[in-house]
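Hi everyone, thanks for coming along. I'd like to walk you through one structure this morning, so let me put it up on the screen.

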Amino acid sequence: MTTPVKRLPAADLDRILAQTRALWPDARGQSFFFAGGTGFVGRWLLESFAHANDTLGLGLRATVLSRDPAAFAARAPHLGRRADIGYVRGDMRNFAFPPGRFDHLVDAAADTDAWTRGRPSGDIVGTVTATTRRMLDFAAAAGVRNFLLVSSGAVYGRQPPELARIDEEHPGRPDPDDPAAAWARGKRVAEELCLGPAAATGLAVKLARAFTFVGPLLPLDAQFAVGNFIRDALAGGPIRVAGDGTPVRSYMYAGDLAAGLWTILFRGPAGRAYNIGSDEPIAIADLARLVAEVVRPGAEVAIAGRPVPGRRLERYVPAVDRIRRELGVAATVPLRDSIRQTAAWFDNRSAANL
């Protein structure tokens, strides 16, 4: 039996609406199509969409592509049973186009594991690009005029260690010889595919290059270090760091991410790419210690490896001057509060759901 997943905190939905309230009236009565609407990013977008629609009486309609709509409805009945949100069963690579016209399309698919597990790198690149081509074909058939592709900061390739923050003009690309970079290479090609139709047909494509995030709904047993650390802390510790703790990341709260993505969709210029994330760096070892301090004071932090002298430092931190200056988007929830709010949301769930 499927256990329903909790709703997002009402305070977070209110904060997202406060940040985006001025954007919604222009969309009154319009229709949206979501791909990736049932994942981490998509759930935040769907819940904030529903909250805005209810609170402002906008008369919006949404259609969500899902591999298993019934399973999603069981996990999130408060979204699965809404009259203003419908579902289409299908795979992003070959789904049957639903009838009707749509004003906005949001491609927030980021379920890399479902597409890439056990596949060679060439297949991964092909899968990611095939989904984008299908979305573009659907956009043309459905008369979509506004298209948001949620891409990734990984499209820049490995960040030079001497570069504190990586900006949208950085010329780097994922390493073609690194199998682990296949998904990032696919996303880079997807961006290029999207920008071609934008120039040729007038489709307003906006690109959001997402970095790293924390918040309710983040998987605690996947490849996300902060989620693993919160899981370990809630279980009583120790908090385990698999490597040497030296890689540097930055974390934006998921509510700020949702508000930023809505802003890019509604206000971003066509053909423009924006980094979205926090520009406040933190080493992974320090992140683990902060999680311990916030969630489980006194918990042991166990770091498996030791730094190797002279080894190149790994960084993944965006420059966010463009999105702050042009669209007014910024991280508003400090990391300490982000961790506390995430842990609090998960804390009263059973261990089986962590």
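Let's begin with Asp175, which counts as partly exposed because its relative accessibility is 40%; by that I mean in between buried, under 20% relative accessible area, and exposed, over 50%, with a 1.4 Å probe and protein chains only. Before I go on, please keep in mind that this is a predicted model, where local features need pLDDT of at least 70, side-chain atom pairs count only at pLDDT 80 or more, and totals for chains, interfaces and linings use all residues. Residues are numbered from 1 along each chain as its sequence is written, and side-chain values use heavy atoms, with hydrogens and water left out.

Back to Asp175, then. You'll find Asp175 in the loop between S5 and helix H7 (182–201); helices (H or I, at least four residues) and strands (E, at least two) are DSSP runs, numbered from the N terminus. A polar atom of the Asp175 side chain lies 2.8 Å from the backbone nitrogen of Asp177. That is a polar contact, meaning a pair of N or O atoms within 3.5 Å; within protein, one must be able to donate a hydrogen and the other to accept it, and residues adjacent in sequence count only if both atoms are side-chain atoms. Beyond its neighbours within four places in sequence, Asp175 is in contact with Ala181 and Arg185, where contact means heavy atoms within 4.5 Å. Pro98 is 77 residues from Asp175 along the chain, and their C-alpha atoms are separated by 37 Å.

Next, have a look at strand S5 itself (residues 146–152), where Ser152 has its place. Is Ser152 buried or exposed? With 7% relative accessibility, Ser152 counts as buried. Its side chain reaches the backbone nitrogen of Ala154 at 2.9 Å. Setting aside neighbours within four places in sequence, Ser152 is in contact with Trp183, Ala208, Arg209, Ala210 and Tyr316.

Now over to helix H1 (residues 10–20), which holds Leu13. Leu13 also counts as buried, at 10% relative accessibility. Apart from neighbours within four places in sequence, its contacts are Leu8, Glu47, Ser48 and His51. Between Leu13 and Asn146 there are 133 residues in sequence and 23 Å in space, C-alpha to C-alpha.

Most residues other than glycine have a negative phi, and most peptide bonds are trans. Leu217, though, has a positive phi, near 85°. This leucine sits in the loop between strand S7 (213–214) and H8, and Leu217 is buried at 15% relative accessibility. The other spot is the cis peptide bond joining Gly237 and Pro238, with omega about 0°. Pro238 is found in the loop between helix H8 (225–234) and strand S8 (239–241).

Finally, let's zoom out to the chain. Its secondary structure comes to 12 helices and 13 strands, and the C-alpha trace spans about 55 × 45 × 40 Å along its principal axes. Of the 354 residues, 55% are buried. Among contacts with a separation of 6 or more, 82% link residues 24 or more positions apart.
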